[in-house]
Amino acid sequence: MRIRPDEIQTIAGDRRLALAILVLLPTLIGTWTLSNTLPFGGRHLLEMLLLGLFAILFAWLWIGLWTALIGFWLTLTGRDWLKISTLNARLDGKPTPLASTAVVMPICNEDADEVFARIRATFLSLKATGQLEHFRFYILSDSSQPEKWVDEELAWARLCREVDGFERIFYRRRKYRVKKKSGNIIDFLRRWGKQHEYMIVLDADSVMSGETLVRMVQAMERNLHVGIIQTLPFSQGMDTLYARIQQFAGRLYSPMFAAGLAWWWLGNGQYWGHNVIIRIAPFMSHCNLPRMPGIKPFGGEILSHDFVEAALMNRAGFEVWVAYDLGGSWEEYPPSLTDDLKRDRRWCQGNLQHAGVMIAEGLPPMQRFLLINGIMSYAGSLLWFGLLILTTLLAWLAPEHAHVDVEMALKLFYVTLGLLFLPKILSLAMTLRDKARAEQFGGRLGVSASVLLETLLSALSAPVRMVFHSRFIILTLMNKTVAWGTQQRGEFVMSWREAASNYGTTTVLGLVWGVAAWYASPVFFAWLSPVLAGLVLSIPLARLTSLGSLGRRARAARLFITPEEVSAPPELAEYRKGLALYQAEREKLGDVDGFVLAVVEPIANAIHAAFLKPRRNLPESVRLRRAWMMDKALHEGPAQLSPAERAELLNDLDAMHTLHQRVWSLPDVAFKKYWPVPGLNA
């Protein structure tokens, strides 16, 4: 039986109405209860502000809880009959034919070995399905560092030789970086979009299974009214304690939440920018991002493009789904709290821009709500901060004889704790009931201890996030923009000095706040102590959780284990195998300068030159400047060239040919001194 889009929307409306009732009723009761516990009975101006903030935040907690409960029931019973992965499947059981699909990976100044090892694993997995003929791979580079260009070009050629992919794997580097990642995708679509029905967008840290890619295309082919299908990517492969905790939490809790979201989102959902399939024609017609009016940070280019594109796709009449049950979709998590917060800084500004998008004409009500929800993911921290500050002020202002219903206040406090922690308890319970599943997370004892420690550490880091997110919002409102740099992916050692520099202010805030709370009321200090502890301990928390050594010790103790570590999927095993091979090749080559390699090594020079177009009729001033650069490189060495000069020469076909010939004509002494390439001039 085929389900029509109008039938889906009717079901979605009923589900959302039920959810709204389940959220509003306890929110009203909780707000009324809180008003009766306050010293002035809710009549003081500060109490009115506090009740307003509490109502908003309490409602958001209830949305999260009901989403988790729904997901728990669906996961436990398997009774979700409206899943996009099986929606409108053929009754005869035959596979759905595929259409032409582009697999695109935008990159910017990434480690070329890691990027192409991931592409290699995904490509080989897809090849094993027997459906490779329907797919083409595109690596879309926005790299600004000249040495990275050479690494990427050589890695592309190596991969194509290895897997016979010259007609299926393509590489392009944009000369002008317009609109960052979204502009890179638009550039691809203008050049190749009409050749394909769909595109699957990957991030630089993405790996996907071939079976999942095939099933995504089949789901799109069965449901022509669907514009976007988002998979649920799991984090993997990290060693630092912080990243291991996050990837464990995501692997254990996320499937339940995603099932609940899919239940009430249905065809009006969001997507997260990667590990996703998109129908190209409507995306090109309706999802070109507008330039926001005004000045930065609210004006200009839209930073968080994915939520906006989902809203525009919905407005055009195409559905957006989350395929939470597909699997075979992986990414990597930032290695430390600091890197996570740096990423949040960018996302915060991008999400706040959505306040202007939200009022756009014709957006479905659900998409307006989801844009508000995205804003609340950061603004909620500022609201929590404001609520706690108001609570502190009231503790100072309350008269000694004021009546406070402590018993009712404690009940409300326990309810709030339940809203926060019950989803974790449900995920743990669902895992413990299945011994085989529990073994995938380190055994019943290991997973129980991991959940307990993860809950403790997340409780300590939550106040730190609250303070930083609040600061991000205030900086954005003050028109302080943020640069969008390359994400830190590998392990690094954070020094105590760096931790103190980043979190010293947070620590001082916790200490001062704690003194104020104690003098207001020792009871209030005790109530606020979990928040204060996170702030005061932020320096050691950030420093210690950034260590890979502690993460590896935790793994040895079977803590924060994920299924991918117990039994590695073939794609991840292939990725690690390919990465090890590529890194071994790089070690043999040594620490050679990429610019030097492109000039000296004949094959590297030929590969790089193949990506360049001849430039005729150069202005005389440009020709003379480049001739001067080449002379400086030849007589003083390439190290004397600035990055901009290297980039200019690398972009000039004639210059690369000329340099190659002239370098090989140098005397041996100068050749070995300035242009060392192991194996060529040893």
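**A tour of the aromatic rings**

Start by selecting Phe248, which is buried at a relative accessible area of 0% (buried is under 20%, exposed over 50% and partly exposed in between, with a 1.4 Å probe and protein chains only). This is a predicted model, where local features need pLDDT of at least 70, side-chain atom pairs count only at pLDDT 80 or more, and totals for chains, interfaces and linings use all residues. Residues are numbered from 1 along each chain as its sequence is written, and side-chain values use heavy atoms, without hydrogens and water.

Rings of Phe, Tyr and Trp (its six-membered ring) pair if their centres lie within 6.5 Å; planes under 30 degrees apart are stacked, over 60 edge-to-face, and the rest tilted. That rule gives 25 aromatic pairs.

Helices here are DSSP runs (H or I, at least four residues), numbered from the N terminus. Phe441 is also buried, at 0% relative accessibility.

Next, select Phe524 and Trp527, a stacked pair at 5.7 Å centre to centre and 25° between the planes. They are about one helical turn apart because 3 residues separate them in helix H16 (residues 522-536). Phe524 is buried at 10%, whereas Trp527 is partly exposed at 37%.

Last stop: show Phe54, Phe58, Trp62 and Trp66, which ring pairs link into a cluster.

Definitions and conventions. Helices (H or I, at least four residues) and strands (E, at least two) are DSSP runs, numbered from the N terminus.
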